[in-house]
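Have a look at the model first, then read on.

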Amino acid sequence: MHDVEMVKNWILQIAYISILAIVFELLIPSSNMKKYVKVVIGLTIMIAIINPILGFLKNGVDINSTLEKEYNYNNIDINSMTKQAEVERNKLIVAEYKKRLNEQIKEKVLDVIDASDVEIESSINEDLNDKNFGAIKNIHVVLSNVKYKMVNDINDGKIIIDTSKFDEKEQILDDIKNDISKFYNVPLKNITIEER
């Protein structure tokens, strides 16, 4: 029986007893007995009010059975929901880590090269349970509209490289690869740079 129906029956029971008490009180003639009848009627109504509460206190509260009855609690698989939330959390952690890694690499590249845009694509060990989580496997750098420059200690300034000289361009790109390789401990063969 649902709890709502039990409350409804309880209220109806009190209402019936109250109506019967009024009718019974009207039927009794005025006498000294009337005050005793009123006490008995009052006690009966009070017992009717308290009876469900006493049963409730005697049996205790079973929250699980109430939740199961009212909200179909058993159909919700808490364990699978927890595992799904953990998987989603791990995806977010990996995505945020890769995003920050790519931004850091982009800043390092832009320190060396003047380009209108630098895109970084990296692949990492995404297993959070692995002790090598975050180890970089590959880095692919895409440069757009590059104006080559090189920071040099000669005359405390920058040396603008003549872009028509292929060897100088290749040297700068190799320097970028070497810097990334040393800083992130990634083999040179796993770093590629593309110009668009």
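Which ring does the charged end of Lys 108 sit over? The ring of Phe 183, with the charged end 4.1 Å from the ring's centre; to count, NZ of Lys or CZ of Arg must be within 6 Å of the ring centre and within 35 degrees of the ring normal.

This is a predicted model, where local features need pLDDT of at least 70, side-chain atom pairs count only at pLDDT 80 or more, and totals for chains, interfaces and linings use all residues. Residues are numbered from 1 along each chain as its sequence is written, and side-chain values use heavy atoms, leaving out hydrogens and water.

**Aromatic pairs**
- There are 2 aromatic pairs here (ring centres of Phe, Tyr or the six-membered ring of Trp within 6.5 Å; planes under 30 degrees apart are stacked, over 60 edge-to-face, the rest tilted).
- Tyr 97 and Phe 133 have ring centres 5.4 Å apart and planes at 45 degrees, so they make a tilted pair.
- Phe 183 and Tyr 184 are edge-to-face, because their planes sit at 80 degrees, with centres 4.8 Å apart.

- Tyr 184 counts as buried at 13% relative accessibility, while Phe 183 is partly exposed at 49% (buried is under 20% relative accessible area, exposed over 50%, partly exposed in between, using a 1.4 Å probe and protein chains only).

**Nonpolar core**
- The largest nonpolar core has 22 residues (buried Ala, Val, Leu, Ile, Met, Phe, Trp, Tyr and Cys joined through side-chain atoms within 4.5 Å).
- Ile 139, Val 141, Leu 143 and Ile 180 have the most contacts inside this core (contact means heavy atoms within 4.5 Å).
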